[in-house]
Amino acid sequence: MGTPDVPRRMAAGLLLRGGTVVDSGGARRADVLVDGQRIAEVGPDLDAASARVVDAAGAYVVPGGIDVHTHLALPVGAVTSADDFGSGTLAAACGGTTCIVDFAGAGREPWEVALATWHERARGKAVIDYGFHLTVTELPEDPDAASRRVGSFADRGITSVKLYMAYPDRLMVDDQTLARALGASRQTGVRVCVHAEDGAVIESLIAQALAVGQTGPEAIPAVRPPSAEADAVRRAAQLAGAKGAWLHVVHLSSAEGLRAVLEARASGVDIHTETCPHYLYLDQSHLEAGEPDFVCAPPIRGASDRAALWSALGAGDIEVVATDHCPFTIADRQLGTNGVGWANFTQIPGGLSGVETRLSLAYQGVRDGRLSIERWVDATSGAPARLFGLDGRKGAVRPGLDADLVVFDPGATRRLDQRNLHSRADHSPYEGLSVTGWPALTFSRGRVVAADGEPADPLPGWGRFVRRTPLAQGS
């Protein structure tokens, strides 16, 4: 046996020792040295004379999760989503997420108002870092003016926008507006995200259902069918292809929608997509039973859809697991968007909780053999960073990046009942489900914000707004 390697020494604040580091570089045994708020060094047998040592043996050391789809403090008619930037980011930290990207804008308010409002909602509350997408409902008709406006978003660190192809009463855009956004995207490096459901078809199906007295949640799977998602994906992809632009499809829910994404990609469209844990785990039987607390859009689907989404996630055809975290309390769900009690399913505020449970629910795919360990980390951190302009700061265990790190215990168990979680929602869509694998420690820029799934001296206002970088073609 040769002479043992001499441990390297340097003065620093934190040393994670003996874990298995996992990121885009693969899985390898390594120590991680943190100096202040940044990762200083990654490698075997590191040492630091004055560092606090954390024994990570038997655990995975992974980049903090990045959830690129949340709706915190979102007003929907008379009610507001249950979590604000304080409770929502705290729940995220307890589940191993260290950065979120929230959607700024609740309707057709001017973009300057939306952005100022969301900055104010986050200021002094967030315990982890955050960014914003900007909801866009109109753009100047002149292409150059549209590009200047979208470029002004990038100047403010907002390098992604969302346009809705559904909800004509408050959010839906026409194809001309979407095409202008895609053209501006090409010029400015701002990624266009779409809520892909065919609003005209859905409104017609809703009218038909209400006309025959179908007013409860059990009508939702039929009025928001997979074909409405797939048709919207195809339409948006055709527009993106004509402009040579990026396109990101949010919350993909169905096998039919997935086929539309893959067809567009095969034709040369630069299209990317995400799905959510509720589409991987929950069944539309909850809606068929008339349960309003499972309402979301697109709706939860059937077993064949779940199987297709898991398979595509494992293969990397679906790049990202996000959450669309937008929970409501039971009372607010019953109150309805009209404020006096919902009379039909169109008045039930839609959205589910997920920001705390995302990492572990996705990890169950590793345990079940559906995902590699590297694919799990990439879907929950690496790919979100690359796709949304965060990869120069986050999304990997690499020197120079923010020390957003998770020591993940693959043997820890947790039952996903609301009493064990930290959202202000008073129920969990995963009630009764137990998972194996949970964060033992969550670090936000080197600061411990959660331990064993519980808050660890979180500091409101520690989380900062992260200015994201414009995208390069092909990213």
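The lining of the largest cavity comprises four nonpolar, eight polar and one charged residues, where Ala, Val, Leu, Ile, Met, Phe, Trp, Tyr, Cys and Pro count as nonpolar, Asp, Glu, Lys and Arg as charged, and the others, Gly among them, as polar. The structure is a predicted model, in which local features need pLDDT of at least 70 and side-chain atom pairs count only at pLDDT 80 or more, while totals for chains, interfaces and linings use all residues. Residues are numbered from 1 along each chain as its sequence is written, and side-chain values use heavy atoms, with hydrogens and water left out.

Two cavities of 30 Å³ or more are present in the structure. A cavity is a set of points, on a 1 Å grid over the protein atoms alone, where a 1.4 Å probe fits but cannot get out; a pocket is an open set with protein on both sides within 12 Å along at least five of seven lines; lining residues have an atom within 4 Å of a point. Grid points are joined across faces, edges and corners, and a volume is the space filled by probe spheres set on the points. The volume of the largest cavity is about 80 Å³. Its lining consists of 13 residues, of which Ser 353, Gly 354, Glu 356, Thr 357 and Leu 421 are the closest to the centre. The second largest cavity has a volume of about 40 Å³, and the residues that line this cavity include Asp 293, Arg 333, Ser 353 and His 427. By class, the lining of the second largest cavity divides into five nonpolar, three polar and two charged residues.

For the largest pocket, a volume of about 720 Å³ is computed. The lining of this pocket is formed by 35 residues, with Val 76, Tyr 167, Arg 170, Ile 348 and Gly 350 nearest its centre. Strand S11 (160–164), helix H5 (199–211) and helix H6 (220–223) are the elements that give two or more residues to this lining; helices (H or I, at least four residues) and strands (E, at least two) are DSSP runs, numbered from the N terminus. In the lining of the largest pocket, 18 residues are nonpolar, eleven polar and six charged.

Strand S11 also belongs to an open sheet of eight strands with parallel pairing, in the order S6-S9-S10-S11-S12-S13-S14-S15; two strands pair if DSSP finds at least two bridges between them. Strand S6 (65–70) and strand S15 (320–321) are the edge strands, each pairing on one side only. Within the sheet, strand S12 (residues 191–195) and strand S13 (residues 246–249) run parallel and are joined by two bridges, with Val 194 opposite Val 249 in S13.

Antiparallel pairing occurs between strand S17 (residues 434–444) and strand S18 (residues 447–451), over four bridges. Here Phe 443 stands opposite Val 448 in S18. The hairpin of S17 and S18 has two residues between the strands, and Arg 445 takes a positive phi near 50 degrees. S18 pairs in turn with strand S19 (residues 454–455), in the antiparallel sense and over two bridges, and Ala 451 stands opposite Glu 454 in S19. The hairpin of S18 and S19 likewise has two residues between the strands, with Asp 452 at a positive phi near 50 degrees.

The largest nonpolar core contains 109 residues, of which Leu 178 and Trp 376 touch the most other members. Helix H7 (residues 226–243) gives the most to this core, with eight residues. A nonpolar core is a set of buried Ala, Val, Leu, Ile, Met, Phe, Trp, Tyr and Cys residues joined through side-chain atoms within 4.5 Å. A second, separate core of 17 residues includes Ala 59, Val 61, Val 407 and Phe 443. Not counting residues up to four places away in sequence, the contacts (heavy atoms within 4.5 Å) of Trp 376 include Val 62, Leu 359, Tyr 363 and Phe 408.

Ala 92, in helix H1 (residues 85–94), counts as buried because its relative accessibility is 0%; buried means under 20% relative accessible area, exposed over 50%, and partly exposed in between (1.4 Å probe, protein chains only). Beyond four places in sequence, Ala 92 touches Thr 97, Ile 100, Ile 128 and Val 355. Although Ala 92 and Val 448 are 356 residues apart in sequence, their C-alpha atoms are 13 Å apart in space.
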